[in-house]
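Take a look at the sequence and the 3D structure below. Then read on, one region at a time.

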Amino acid sequence: MDYLPVFLDIRERLVVVDGGSTIAARRVERALSAGAKVASFDPKPDDELSALFDHENLTHYARVPVRADFDGCFVAYGASEDAARDTLLADAAKDVGALCNVADVLEYCDFITPSVVERAPVTIAISTGGAAPVIARNLRARIEAMLPEGYGRLAAFAATYRTRIANTISDGRGRRRFWENMIEGQAGDLFLSDRETDAIAQINADLATADTAKPITGEAWLVGAGPGDPDLLTFKALRLMQHADVVLYDRLIGPGILDLARRDARRINVGKSAGNHAMTQTEITALLIKLALEGNRVLRLKGGDPFIFGRGGEELEEVAAAGIPVQVVPGITAAAGCGACAGIPLTHRDHAQSVAFVTAHGAGGVLDHDWTKLARPGQTVVVYMGLGSLGAIATNALAQGVRHDLPVAVIDNGSRLNQTVITATLETIEGIAGDANLNGPALIIMGDVVTMRDKLSVNGVQEEQVSLGLSAQQGL
Ligand code: SAH
C-alpha cells in the first residue's frame with residue numbers, strides 16, 4: 001500500500017482552494033459537505049464555482065492567494081493549473097503545516113483525492129494510488145450500482161442504538177454479534193424495505209432478550225475455498241469469512257483469498273508444506289475444538305471442497321462429538337475448477353459418461369489402484385495428490401494394460417495466475433511433465449476428454465478465455 005487511507009475531520013477547519021474551474025468547484029463542494037470553512041481564491045471563477053458562493057461556510061476572494069491567506073489552514077488544494085500559483089500554494093502549505101494537494105502535480109501532494117461513493121454517513125473511498133484513476137472510477141460505478149440507497153439511512157438509524165446496545169451488552173464479542181444479527185438479520189431487512197416501525201419493534205425485542213449473562217457459544221465452520229482464484233469462492237464462504245473470529249488455513253489457500261477475511265480475525269497457518277510440518281491433523285482438530293469452546297467462531301478454510309480429499313469428514317466428526325455447532329460450506333473442487341480453467345470437460349457425450357475422483361495417496365502411502373477398471377473406455381479419471389507419483393501411476397497403469405496413448409493432462413496451479421497445463425499420453429506424460437518443473441498443487445486428468453482442450457484451441461477459444469476466473473480479474 002503506497003498511501004495510508006484515513007478520513008479527516010475537517011469540521012470548522014480552514015480549507016483553502018485556489019482555482020476557478022470545475023476541479024476547484026469539486027474540491028470546494030466536498031470540503032463544504034464535510035463541514036469545513038472554505039476560502040476560495042480566483043480572479044475569474046467560472047459559473048460552476050460561482051454557484052457555490054451562497055454557502056455560509058464559503059468566502060470567495062476574487063484574487064490569487066498570498067502567503068498570509070494560509071494562516072490557520074488545515075488543507076490546501078491547488079486547482080488553478082498555473083505553475084506559479086501551485087508553487088506558492090505548496091510552499092505556503094508547508095510553512096503552516098497544512099496538508100497539500102495540487103491537481104496533477106504529484107510532488108506537491110501530501111495526499112491524493114479518492115473516488116468516493118457516498119451513502120452518508122457511509123463513505124467509501126477508492127484509490128489506485130494514482131496508478132490508474134480509470135479503474136477507481138470504474139469500481140466506483142460498480143459499487144454505486146451495488147449499494148442500495150437505503151444503506152446510508154440504515155447506518156444513521158443503527159447509530160441511534162449505539163449507546164443502548166453498549167449499555168446492555170458489555171462483552172465486546174457479544175456486542176459485535178448483536179450488531180451483525182441486527183444489520184444483516186430481520187431488523188435490517190425490515191428497515192431497508194421501509195418498515196421502520198417494525199424494525200424498531202424487532203430491535204427492542206432482540207435487546208430485551210439479549211442474555212448478557214450467558215457465555216458466548218462458539219461455532220465451527222468447515223469452508224471450501226475453491227481451487228485458488230478468489231473469484232471462485234462462494235457467496236456463503238465470503239460471508240462467513242467476514243464474520244469469523246479465527247481462520248485456520250492451510251497451504252492450498254492463496255493470499256488473495258485470505259485478504260477477504262475479516263480484517264481483525266486471527267489467522268493461523270496450520271498448513272503442512274513439504275519439509276515443514278506445521279501441525280498434524282490431530283493437532284489441527286484439537287485447536288479447532290479448543291478455539292470454538294472458548295467462544296470463537298472458527299472458520300476452517302480448506303482448498304477446494306472440504307469433503308473431497310480434504311479430511312473434512314474427520315474434522316466434522318470430532319467437532320460434532322465435542323458438542324460444537326458446525327456448518328459445512330461446499331467449495332469448487334480442484335477437478336471442477338481445473339477442468340473448467342484448462343478447457344477440459346470432465347464428461348462428454350462422445351467421450352466420457354462417468355468420472356472417477358481418486359487420490360494417489362491413502363493413509364498408508366501411495367495407493368495401488370486398479371487402473372484398467374478406473375481408466376476404462378468412457379470414464380474420465382481425476383487423480384488428486386498425484387504429481388509426486390506421476391511416474392509410478394503411469395508405469396502401473398501401463399503394466400496393467402491401460403492403452404499407452406490414453407490422453408493425460410496435468411494441471412498445475414489450476415485457476416491461478418500461474419496455471420500451467422500439460423497434455424500428453426500415458427506413455428509420455430512423465431517425461432514431459434518432468435521437464436516442465438511443476439511445483440504443485442497439480443491435478444492429473446486421464447481420458448479422451450483431454451483431447452477436447454486441443455479442439456477448443458483449434459476453434460479459436462484460447463486458454464485465457466476459457467479461464468473465466470482469470471480473465472474476469474484482468475478485465476477490470
Ligand atoms: N479438498 C481439495 C483437495 C485437497 S487434496 C479439493 O476439493 O480440491 C490436495 C490436492 O488437490 C492437490 O494435491 C492437487 O491434486 C489438488 N489441487 C488442489 N488445488 C489445486 C489447484 N489449484 N490446481 C491443481 N490441483 C489442485
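## About the model

This is a predicted model, in which local features need pLDDT of at least 70, side-chain atom pairs count only at pLDDT 80 or more, and totals for chains, interfaces and linings use all residues. Residues are numbered from 1 along each chain as its sequence is written, and side-chain values use heavy atoms, leaving out hydrogens and water.

## The five-stranded sheet

Helices (H or I, at least four residues) and strands (E, at least two) are DSSP runs, numbered from the N terminus. Five strands form an open sheet in the order S3-S2-S1-S4-S5, and the pairing is parallel. Two strands pair if DSSP finds at least two bridges between them. At the edges are strand S3 (58-61) and strand S5 (99-102), each pairing on one side only. From one strand to the next, the twist averages 15°.

Strand S1 (residues 14-18) and strand S2 (residues 37-41) run parallel, joined by five bridges. Asp 18 stands opposite Phe 41 in S2. Helix H3 (residues 83-96) packs on the sheet and touches S1, S2, strand S4 (73-78) and S5. Contact here means heavy atoms within 4.5 Å. The direction of H3 makes about 165° with that of S4. Such angles run from 0 to 180 degrees between N-to-C directions, and the axes are lines fitted to C-alpha atoms, for helices over the stretch in contact.

## Helix H7

Helix H7 (residues 172-184) has 13 residues. It reaches 18 Å from its first C-alpha to its last, close to the 18 Å expected at 1.5 Å a residue. The expected span is 1.5 Å times one less than the number of residues. At the N-terminal end, Asp 171 caps H7, with a side-chain oxygen 3.1 Å from the backbone nitrogen of Arg 173.

Which residues of H7 are buried? They are Gly 174, Arg 177, Phe 178, Glu 180 and Met 182. Buried means under 20% relative accessible area, exposed over 50%, and partly exposed in between (1.4 Å probe, protein chains only). The cover over these residues includes helix H5 (150-159), helix H9 (196-209) and strand S13 (297-302).

## Around the ligand

There are 20 residues around the ligand, each with a heavy atom within 4 Å of it. Pro 227, Asp 305, Ile 308, Thr 333 and Ala 442 come nearest. A polar side-chain atom of Thr 333 lies 2.6 Å from a ligand oxygen atom. A polar backbone atom of Ala 334 is 2.8 Å from an oxygen atom of the ligand. A backbone N or O atom of Gly 303 lies 3.0 Å from a ligand nitrogen atom.

Asp 245 lies in the loop between helix H10 (235-241) and strand S9 (246-249). Is Asp 245 buried or exposed? Asp 245 is buried, with a relative accessible area of 7%. Its side chain makes a polar contact with the side chain of Arg 262 (3.4 Å). A polar contact is a pair of N or O atoms within 3.5 Å; within protein, one must be able to donate a hydrogen and the other to accept it, and residues adjacent in sequence count only if both atoms are side-chain atoms.

Glu 315 is found in helix H13 (residues 312-321). Glu 315 counts as buried, at 0% relative accessibility. The side chain of Glu 315 makes a polar contact with that of Lys 302 (3.2 Å). Ile 135 lies in helix H4 (residues 133-146). Ile 135 counts as partly exposed, at 32% relative accessibility.
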